[in-house]
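Here's a quick briefing to read alongside the model. Take a look at the fold before going through the points below.

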Amino acid sequence: TKTAKSISERCRKSTNQLYEAKWRIYTRWCRRNKIDPFQITEEQLSEFFTYLADDLQKGVSAMNGYRAVINSTIKLCTKRDVCSNNFYLSSQFRSFKHKQEKKNNTVPKWNLTLVLNSLTKAPYEPILECSTKHLSWKTAFLTAFATAARVNELAAISRKKVAHSHKWQSVILETHENFIAKNQDLTVDCSPRRFTIPALYSYAGPDLPDRYLCPVRALRYYMHKTDQYRPKEQKALFISLKKNQTSELTSNTIANWIKNVIRLAYDQAKDTDCSLAKISAHEVRALAASSAWKHNLSMKAVNAACYWRGHSTFSNYYLREIALTQADELKLPNMVAASFKITK
(Lines give C-alpha, C1' and ligand atoms only; values in the text may rest on other atoms or scores of the structure.)
Protein backbone atom coordinates (compact mmCIF):
# COMPACT_ATOMS: atom_id res chain seq x y z
CA THR A 1 0.00 0.00 0.00
CA LYS A 2 0.97 3.67 -0.36
CA THR A 3 0.97 4.11 3.40
CA ALA A 4 3.35 1.23 4.01
CA LYS A 5 5.57 2.55 1.23
CA SER A 6 5.70 6.05 2.74
CA ILE A 7 6.80 4.58 6.08
CA SER A 8 9.42 2.37 4.48
CA GLU A 9 11.04 5.35 2.77
CA ARG A 10 12.28 6.54 6.18
CA CYS A 11 14.24 3.32 6.76
CA ARG A 12 17.20 1.47 5.26
CA LYS A 13 16.61 -0.83 2.30
CA SER A 14 17.09 -4.00 4.37
CA THR A 15 14.66 -2.71 7.00
CA ASN A 16 12.17 -1.75 4.27
CA GLN A 17 12.14 -5.32 2.98
CA LEU A 18 11.43 -6.68 6.44
CA TYR A 19 8.66 -4.13 7.04
CA GLU A 20 7.05 -4.88 3.69
CA ALA A 21 7.19 -8.64 4.25
CA LYS A 22 5.57 -8.31 7.66
CA TRP A 23 2.88 -5.99 6.34
CA ARG A 24 2.09 -8.42 3.47
CA ILE A 25 1.66 -11.31 5.93
CA TYR A 26 -0.60 -9.15 8.09
CA THR A 27 -2.81 -7.92 5.22
CA ARG A 28 -3.00 -11.44 3.74
CA TRP A 29 -4.30 -12.74 7.07
CA CYS A 30 -6.79 -9.86 7.23
CA ARG A 31 -8.12 -10.66 3.74
CA ARG A 32 -8.60 -14.33 4.62
CA ASN A 33 -10.57 -13.32 7.68
CA LYS A 34 -12.45 -10.47 5.90
CA ILE A 35 -10.99 -7.78 8.15
CA ASP A 36 -10.10 -4.21 7.21
CA PRO A 37 -6.36 -4.01 8.14
CA PHE A 38 -6.80 -0.34 9.18
CA GLN A 39 -9.92 -0.90 11.27
CA ILE A 40 -8.85 -4.05 13.10
CA THR A 41 -10.15 -4.47 16.64
CA GLU A 42 -8.24 -5.41 19.78
CA GLU A 43 -9.68 -8.93 19.76
CA GLN A 44 -8.81 -9.42 16.09
CA LEU A 45 -5.25 -8.24 16.65
CA SER A 46 -4.94 -10.74 19.47
CA GLU A 47 -6.08 -13.48 17.08
CA PHE A 48 -3.45 -12.40 14.55
CA PHE A 49 -0.63 -12.60 17.11
CA THR A 50 -1.90 -16.02 18.20
CA TYR A 51 -1.75 -17.05 14.54
CA LEU A 52 1.88 -15.85 14.37
CA ALA A 53 2.81 -17.79 17.50
CA ASP A 54 0.92 -21.02 16.86
CA ASP A 55 0.78 -21.38 13.07
CA LEU A 56 3.94 -19.58 11.95
CA GLN A 57 5.96 -20.44 15.09
CA LYS A 58 7.18 -16.86 15.48
CA GLY A 59 9.09 -15.88 18.60
CA VAL A 60 8.36 -12.87 20.78
CA SER A 61 11.14 -10.82 19.17
CA ALA A 62 9.70 -11.39 15.69
CA MET A 63 6.16 -10.61 16.87
CA ASN A 64 7.36 -7.33 18.35
CA GLY A 65 8.51 -6.44 14.84
CA TYR A 66 5.02 -7.14 13.46
CA ARG A 67 3.52 -5.12 16.27
CA ALA A 68 5.71 -2.11 15.43
CA VAL A 69 4.94 -2.28 11.70
CA ILE A 70 1.19 -2.62 12.21
CA ASN A 71 0.99 0.13 14.81
CA SER A 72 3.10 2.67 12.90
CA THR A 73 1.26 2.07 9.63
CA ILE A 74 -2.23 2.32 11.12
CA LYS A 75 -1.24 5.32 13.23
CA LEU A 76 0.10 7.19 10.21
CA CYS A 77 -3.04 6.49 8.21
CA THR A 78 -5.82 6.79 10.81
CA LYS A 79 -4.06 8.34 13.84
CA ARG A 80 -5.17 5.32 15.88
CA ASP A 81 -2.66 3.85 18.35
CA VAL A 82 -3.69 0.19 18.38
CA CYS A 83 -0.70 -1.54 19.95
CA SER A 84 1.80 0.51 21.92
CA ASN A 85 -0.27 1.21 25.04
CA ASN A 86 -2.67 -1.70 24.84
CA PHE A 87 -2.80 -3.52 28.20
CA TYR A 88 -4.53 -6.60 26.76
CA LEU A 89 -1.92 -7.10 24.03
CA SER A 90 0.93 -6.44 26.46
CA SER A 91 -0.42 -9.19 28.73
CA GLN A 92 -0.63 -11.53 25.77
CA PHE A 93 2.99 -10.83 24.83
CA ARG A 94 4.11 -11.48 28.41
CA SER A 95 2.37 -14.84 28.20
CA PHE A 96 4.12 -15.61 24.89
CA LYS A 97 7.49 -14.66 26.43
CA HIS A 98 6.89 -16.84 29.48
CA LYS A 99 6.02 -19.88 27.34
CA GLN A 100 9.04 -19.33 25.11
CA GLU A 101 11.44 -18.99 28.06
CA LYS A 102 10.03 -22.11 29.69
CA LYS A 103 10.43 -24.10 26.47
CA ASN A 104 14.00 -22.91 25.83
CA ASN A 105 15.06 -23.43 29.44
CA THR A 106 14.58 -27.20 29.40
CA VAL A 107 17.74 -27.78 27.32
CA PRO A 108 21.01 -27.43 29.30
CA LYS A 109 23.31 -24.65 28.15
CA TRP A 110 26.31 -27.01 28.26
CA ASN A 111 27.06 -30.72 28.59
CA LEU A 112 27.22 -31.72 32.26
CA THR A 113 28.71 -35.18 31.63
CA LEU A 114 31.46 -33.70 29.48
CA VAL A 115 32.46 -31.21 32.18
CA LEU A 116 32.33 -33.70 35.06
CA ASN A 117 34.45 -36.24 33.18
CA SER A 118 37.04 -33.57 32.40
CA LEU A 119 37.46 -32.94 36.16
CA THR A 120 38.69 -36.53 36.62
CA LYS A 121 41.65 -35.97 34.29
CA ALA A 122 44.61 -33.62 33.80
CA PRO A 123 45.16 -30.82 34.63
CA TYR A 124 43.03 -31.53 37.74
CA GLU A 125 44.36 -35.02 38.49
CA PRO A 126 46.47 -36.35 40.09
CA ILE A 127 45.35 -33.81 42.65
CA LEU A 128 48.71 -33.74 44.46
CA GLU A 129 50.31 -32.50 41.25
CA CYS A 130 47.51 -30.04 40.50
CA SER A 131 48.38 -26.34 40.37
CA THR A 132 46.70 -23.94 42.79
CA LYS A 133 44.85 -22.39 39.88
CA HIS A 134 43.30 -25.61 38.63
CA LEU A 135 42.63 -26.84 42.17
CA SER A 136 40.76 -23.58 42.85
CA TRP A 137 38.73 -23.96 39.65
CA LYS A 138 37.83 -27.57 40.40
CA THR A 139 36.94 -26.95 44.05
CA ALA A 140 34.78 -23.96 43.16
CA PHE A 141 32.90 -25.94 40.49
CA LEU A 142 32.31 -29.04 42.65
CA THR A 143 31.29 -26.90 45.63
CA ALA A 144 28.89 -24.90 43.47
CA PHE A 145 27.36 -28.10 42.11
CA ALA A 146 27.26 -29.80 45.52
CA THR A 147 25.49 -26.85 47.15
CA ALA A 148 23.49 -25.45 44.20
CA ALA A 149 24.44 -22.08 45.68
CA ARG A 150 24.70 -18.74 43.93
CA VAL A 151 28.22 -17.45 43.33
CA ASN A 152 27.72 -14.63 45.83
CA GLU A 153 26.92 -17.26 48.46
CA LEU A 154 30.09 -19.16 47.58
CA ALA A 155 32.10 -15.95 47.93
CA ALA A 156 30.57 -15.41 51.40
CA ILE A 157 31.46 -18.85 52.83
CA SER A 158 33.58 -18.42 55.97
CA ARG A 159 36.83 -20.38 56.28
CA LYS A 160 36.66 -20.38 60.08
CA LYS A 161 33.19 -21.92 60.07
CA VAL A 162 34.10 -24.91 57.90
CA ALA A 163 33.38 -28.08 59.91
CA HIS A 164 33.29 -31.80 59.14
CA SER A 165 31.74 -34.98 60.50
CA HIS A 166 33.53 -38.11 61.71
CA LYS A 167 36.15 -39.29 59.18
CA TRP A 168 35.11 -36.51 56.81
CA GLN A 169 31.91 -38.24 55.75
CA SER A 170 30.50 -34.75 55.21
CA VAL A 171 31.54 -31.10 55.31
CA ILE A 172 29.50 -28.22 56.69
CA LEU A 173 29.92 -24.80 55.07
CA GLU A 174 28.44 -21.59 56.41
CA THR A 175 28.39 -17.99 55.19
CA HIS A 176 29.68 -15.20 57.41
CA GLU A 177 27.19 -13.58 59.80
CA ASN A 178 26.77 -10.35 57.81
CA PHE A 179 25.78 -12.04 54.57
CA ILE A 180 22.13 -11.78 53.48
CA ALA A 181 21.04 -14.25 50.81
CA LYS A 182 18.68 -13.42 48.00
CA ASN A 183 15.05 -14.14 49.04
CA GLN A 184 16.09 -14.27 52.71
CA ASP A 185 13.32 -12.91 54.92
CA LEU A 186 15.10 -11.50 57.97
CA THR A 187 11.84 -11.29 59.90
CA VAL A 188 11.59 -15.09 59.73
CA ASP A 189 15.18 -16.27 59.47
CA CYS A 190 18.29 -14.17 60.06
CA SER A 191 20.72 -17.08 60.40
CA PRO A 192 23.63 -17.53 57.96
CA ARG A 193 23.25 -19.83 54.95
CA ARG A 194 24.42 -23.33 55.77
CA PHE A 195 25.32 -26.22 53.47
CA THR A 196 25.99 -29.86 54.35
CA ILE A 197 27.93 -31.67 51.64
CA PRO A 198 28.16 -35.48 51.79
CA ALA A 199 31.29 -37.29 50.62
CA LEU A 200 31.45 -39.91 47.87
CA TYR A 201 33.98 -42.08 49.72
CA SER A 202 31.62 -44.96 50.51
CA TYR A 203 30.43 -45.22 46.89
CA ALA A 204 33.57 -44.45 44.93
CA GLY A 205 36.61 -46.46 45.97
CA PRO A 206 40.23 -45.33 45.65
CA ASP A 207 40.55 -46.81 42.15
CA LEU A 208 37.32 -45.37 40.69
CA PRO A 209 37.39 -42.12 38.67
CA ASP A 210 34.16 -40.94 40.37
CA ARG A 211 36.19 -40.48 43.55
CA TYR A 212 37.80 -37.53 41.81
CA LEU A 213 34.40 -35.80 41.74
CA CYS A 214 34.02 -35.87 45.52
CA PRO A 215 33.55 -32.25 46.69
CA VAL A 216 34.71 -33.12 50.22
CA ARG A 217 38.00 -34.46 48.86
CA ALA A 218 38.50 -31.33 46.74
CA LEU A 219 37.75 -29.04 49.68
CA ARG A 220 40.22 -30.88 51.94
CA TYR A 221 43.05 -30.55 49.43
CA TYR A 222 42.11 -26.95 48.66
CA MET A 223 42.12 -25.87 52.30
CA HIS A 224 45.36 -27.72 53.03
CA LYS A 225 47.09 -26.02 50.12
CA THR A 226 45.76 -22.48 50.51
CA ASP A 227 46.00 -22.35 54.31
CA GLN A 228 49.77 -22.40 53.96
CA TYR A 229 49.81 -18.88 52.54
CA ARG A 230 46.35 -17.55 53.42
CA PRO A 231 46.57 -13.92 54.63
CA LYS A 232 45.25 -13.36 58.14
CA GLU A 233 42.82 -10.77 56.80
CA GLN A 234 41.15 -13.32 54.53
CA LYS A 235 37.94 -14.55 56.15
CA ALA A 236 36.38 -16.24 53.13
CA LEU A 237 36.99 -19.86 52.13
CA PHE A 238 37.95 -19.02 48.55
CA ILE A 239 40.90 -16.68 48.17
CA SER A 240 42.62 -14.95 45.27
CA LEU A 241 45.15 -16.75 43.12
CA LYS A 242 47.36 -13.69 43.59
CA LYS A 243 49.51 -14.24 46.66
CA ASN A 244 49.44 -11.61 49.43
CA GLN A 245 46.22 -10.09 48.10
CA THR A 246 44.23 -9.10 51.20
CA SER A 247 40.95 -8.04 49.55
CA GLU A 248 38.11 -10.54 49.56
CA LEU A 249 37.48 -12.58 46.43
CA THR A 250 34.50 -11.30 44.43
CA SER A 251 31.60 -13.41 43.20
CA ASN A 252 32.57 -12.49 39.62
CA THR A 253 35.95 -14.14 40.08
CA ILE A 254 34.35 -17.36 41.33
CA ALA A 255 31.93 -17.25 38.37
CA ASN A 256 34.93 -16.91 36.04
CA TRP A 257 36.62 -19.92 37.68
CA ILE A 258 33.50 -22.00 37.05
CA LYS A 259 33.26 -20.81 33.45
CA ASN A 260 36.94 -21.65 32.95
CA VAL A 261 36.22 -25.25 33.99
CA ILE A 262 33.42 -25.47 31.42
CA ARG A 263 35.46 -23.79 28.70
CA LEU A 264 38.49 -26.02 29.28
CA ALA A 265 36.31 -29.16 29.13
CA TYR A 266 35.06 -28.12 25.68
CA ASP A 267 38.54 -27.18 24.52
CA GLN A 268 39.79 -30.66 25.46
CA ALA A 269 36.90 -32.47 23.72
CA LYS A 270 38.14 -32.85 20.13
CA ASP A 271 34.82 -34.02 18.68
CA THR A 272 32.66 -31.48 20.49
CA ASP A 273 31.55 -28.20 18.93
CA CYS A 274 32.28 -25.57 21.58
CA SER A 275 30.03 -23.10 19.77
CA LEU A 276 27.07 -25.17 20.99
CA ALA A 277 27.90 -24.31 24.60
CA LYS A 278 26.66 -21.09 26.13
CA ILE A 279 29.11 -20.66 28.99
CA SER A 280 27.13 -19.77 32.10
CA ALA A 281 28.20 -20.25 35.71
CA HIS A 282 24.62 -19.84 36.92
CA GLU A 283 23.66 -22.92 34.89
CA VAL A 284 25.47 -25.03 37.53
CA ARG A 285 22.66 -24.16 39.93
CA ALA A 286 20.01 -25.29 37.46
CA LEU A 287 21.78 -28.55 36.60
CA ALA A 288 22.46 -29.38 40.25
CA ALA A 289 18.83 -28.86 41.27
CA SER A 290 17.55 -30.78 38.23
CA SER A 291 19.95 -33.68 38.85
CA ALA A 292 18.89 -33.98 42.49
CA TRP A 293 15.18 -33.76 41.65
CA LYS A 294 15.51 -36.29 38.81
CA HIS A 295 17.06 -38.74 41.30
CA ASN A 296 14.13 -38.50 43.72
CA LEU A 297 15.06 -35.58 45.97
CA SER A 298 11.75 -34.09 47.12
CA MET A 299 10.58 -30.73 45.81
CA LYS A 300 10.63 -29.42 49.37
CA ALA A 301 14.28 -30.43 49.76
CA VAL A 302 15.21 -28.87 46.40
CA ASN A 303 13.57 -25.59 47.41
CA ALA A 304 15.38 -25.64 50.75
CA ALA A 305 18.75 -26.34 49.14
CA CYS A 306 18.35 -23.54 46.60
CA TYR A 307 16.57 -21.11 48.90
CA TRP A 308 13.47 -20.92 46.73
CA ARG A 309 10.12 -20.09 48.30
CA GLY A 310 8.01 -22.12 45.88
CA HIS A 311 8.25 -24.81 43.23
CA SER A 312 7.31 -22.45 40.36
CA THR A 313 10.78 -20.84 40.33
CA PHE A 314 12.38 -24.23 39.76
CA SER A 315 9.83 -25.56 37.27
CA ASN A 316 9.67 -22.34 35.21
CA TYR A 317 13.32 -21.29 35.12
CA TYR A 318 15.70 -23.97 36.40
CA LEU A 319 14.34 -27.39 35.43
CA ARG A 320 16.57 -29.05 32.83
CA GLU A 321 16.58 -32.31 30.87
CA ILE A 322 19.80 -33.71 32.32
CA ALA A 323 19.94 -36.90 30.25
CA LEU A 324 18.13 -36.62 26.94
CA THR A 325 18.76 -40.28 26.02
CA GLN A 326 19.35 -43.55 27.86
CA ALA A 327 22.98 -43.48 26.69
CA ASP A 328 23.43 -40.06 28.31
CA GLU A 329 21.93 -41.40 31.53
CA LEU A 330 24.46 -44.26 31.65
CA LYS A 331 27.37 -41.86 31.17
CA LEU A 332 26.51 -39.74 34.20
CA PRO A 333 28.97 -40.45 37.05
CA ASN A 334 28.34 -40.57 40.78
CA MET A 335 28.15 -37.01 42.11
CA VAL A 336 26.87 -34.68 44.81
CA ALA A 337 24.21 -32.19 43.73
CA ALA A 338 22.23 -29.73 45.85
CA SER A 339 23.51 -31.40 49.06
CA PHE A 340 22.23 -34.76 47.75
CA LYS A 341 24.40 -37.80 46.98
CA ILE A 342 23.59 -39.23 43.53
CA THR A 343 24.85 -42.76 42.94
CA LYS A 344 24.16 -45.42 40.34
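Keep in mind that this is a predicted model. Among contacts in the protein chain between residues at least 6 apart in sequence, 63% join residues at least 24 apart. The chain's secondary structure comes to 14 helices and 5 strands.

**The chain overall**

- Of the 344 residues in the protein chain, 45% are buried.
- The chain exposes about 18,600 Å², and carbon and sulfur atoms supply 51% of that area.

- Strands of a sheet pair through backbone hydrogen bonds, and the pairing can be parallel or antiparallel.
- Here you'll find an open sheet of 3 strands in the order 1-2-3, with antiparallel pairing.
- The edges belong to strand 1 (163–164) and strand 3 (194–198); each has a single partner strand, so one side of each is left without a neighbour in the sheet.
- Strand 1 and strand 2 (residues 170–174) run antiparallel to each other and pair over 2 bridges.

**Empty space inside**

- Rolling a probe the size of a water molecule over the atoms shows where empty space is left.
- This structure holds 3 cavities of 30 Å³ or more.
- The second largest cavity has a volume of about 40 Å³.
- Which residues line the second largest cavity? They are Leu116, Leu142, Phe145, Ala146, Leu213, Pro215, Met335 and Val336.
- Sort that lining by type and you get 8 nonpolar residues, no polar ones and no charged ones.
- Helix 7 (132–147) and strand 4 (335–337) each supply at least two residues of this lining.
- Helix 7 gives the most to the lining of the second largest cavity, with 3 residues.

**A closer look at serine 46**

- You can find serine 46 in helix 3, which covers residues 42–54.
- Is serine 46 buried or exposed? Its relative accessible area is 9%, and the cut-off for buried is under 20%, so serine 46 counts as buried.
- Leaving out residues up to four places away in sequence, serine 46 touches Tyr88, Leu89 and Gln92.

Definitions and conventions. Residues numbered from 1 in each chain as written. Predicted model: local features only at pLDDT ≥ 70, side-chain atom pairs only at ≥ 80, totals over all residues. Heavy atoms only, no water. Helix = DSSP H or I, 4+ residues; strand = E, 2+ residues; numbered from the N terminus. Buried < 20%, exposed > 50% of the residue type's maximum accessible area, 1.4 Å probe, protein only. Contact = heavy atoms within 4.5 Å. Areas by Shrake-Rupley, 256 points an atom, 1.4 Å probe, with all protein chains shown as cover. 1 Å grid on protein atoms, 1.4 Å probe; cavity = no way out; pocket = protein on both sides within 12 Å on 5 of 7 lines; lining within 4 Å. Points joined across faces, edges and corners; volume = space filled by probe spheres on them. Nonpolar A, V, L, I, M, F, W, Y, C, P; charged D, E, K, R; others polar. Pairing = 2+ DSSP bridges.
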